[in-house]
Amino acid sequence: MTKPEEAKALFQAGANCAQAVLGAFHRECGLEMESALKLASGFGAGMGRMREVCGAVSAMILVASMRYGVSDLSDKAAKDAHYARIQSLCGRFQAETGSIVCRELLGLSGKSPDSPVSEARTAEYYRKRPCAEMVALAAGILEEFLKEQDSSAGH
């Protein structure tokens with residue numbers, strides 16, 4: 001199963017958008033699936049259904065940070081390089097979709113958060129939401145990004 005297929009299958013099994021993407025890459029991050037699902041659980045639906053940054057995008061950032069993030073607080077050059085990496089990654093998603101913001105991707109108006117109560121995962125839910133495709137897109141972008149980063153670093 002490809003990473004986009006794995007992410008989509010996780011979403012269709014009930015994972016939120018962030019859980020679907022991080023779950024598909026849990027091994028690459030050195031995480032058990034349960035830990036990945038817990039870590040990503042608050043990022044779904046644009047951070048707890050606030051419809052801000054898409055959870056699939058947040059998960060791409062989590063994966064990139066687990067793989068290439070900076071822990072030396074005094075290394076400004078590494079921090080800046082990592083931020084450039086994150087901007088590039090998010091830019092790829094935005095170039096494909098027009099936005100990284102959940103409410104914009106869903107065509108919702110207004111800036112107010114949604115109800116914290118998630119919607120039932122019915123056939124109608126999957127039909128009206130682009131989220132399964134968004135997690136597949138994010139996973140594909142992330143998979144390609146990781147290959148590029150690893151090959152440029154000589155891994």
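How much space lies in the largest pocket? In this predicted model, the largest pocket holds about 360 Å³ of space. Its lining comprises 22 residues, and Asn16, Gly44, Ala45, Arg121 and Tyr125 are those nearest the centre. Helix 2, helix 4, helix 7 and helix 9 each contribute at least two residues to the lining of the largest pocket, with the largest share, three residues, coming from helix 7.

Helix 2 itself spans residues 17–24 and is mostly covered, with eight of its eight residues buried. These buried residues pack against helix 1 (3–12), helix 3 (33–40), helix 4 (44–47), helix 5 (55–68) and helix 9 (131–152).

In soluble globular proteins, nonpolar side chains tend to be buried together. Here the largest nonpolar core has 42 residues, of which Val21, Leu22, Phe25, Met60, Phe93, Val135 and Leu142 touch the most other members. At least two residues of this core come from each of helix 1, helix 2, helix 3, helix 5, helix 6 (76–97), helix 7 (102–106) and helix 9. Helix 9 gives the most, with ten residues.

Leu22 is buried in helix 2. Apart from neighbours within four places in sequence, Leu22 is in contact with Cys29, Leu31, Ala36, Leu39, Ala40, Ala59, Leu62 and Val63.

Key:
Residues numbered from 1 in each chain as written. Predicted model: local features only at pLDDT ≥ 70, side-chain atom pairs only at ≥ 80, totals over all residues. Heavy atoms only, no water. Buried < 20%, exposed > 50% of the residue type's maximum accessible area, 1.4 Å probe, protein only. Helix = DSSP H or I, 4+ residues; strand = E, 2+ residues; numbered from the N terminus. Contact = heavy atoms within 4.5 Å. Core = buried A, V, L, I, M, F, W, Y, C linked by side-chain atoms within 4.5 Å. 1 Å grid on protein atoms, 1.4 Å probe; cavity = no way out; pocket = protein on both sides within 12 Å on 5 of 7 lines; lining within 4 Å. Points joined across faces, edges and corners; volume = space filled by probe spheres on them.
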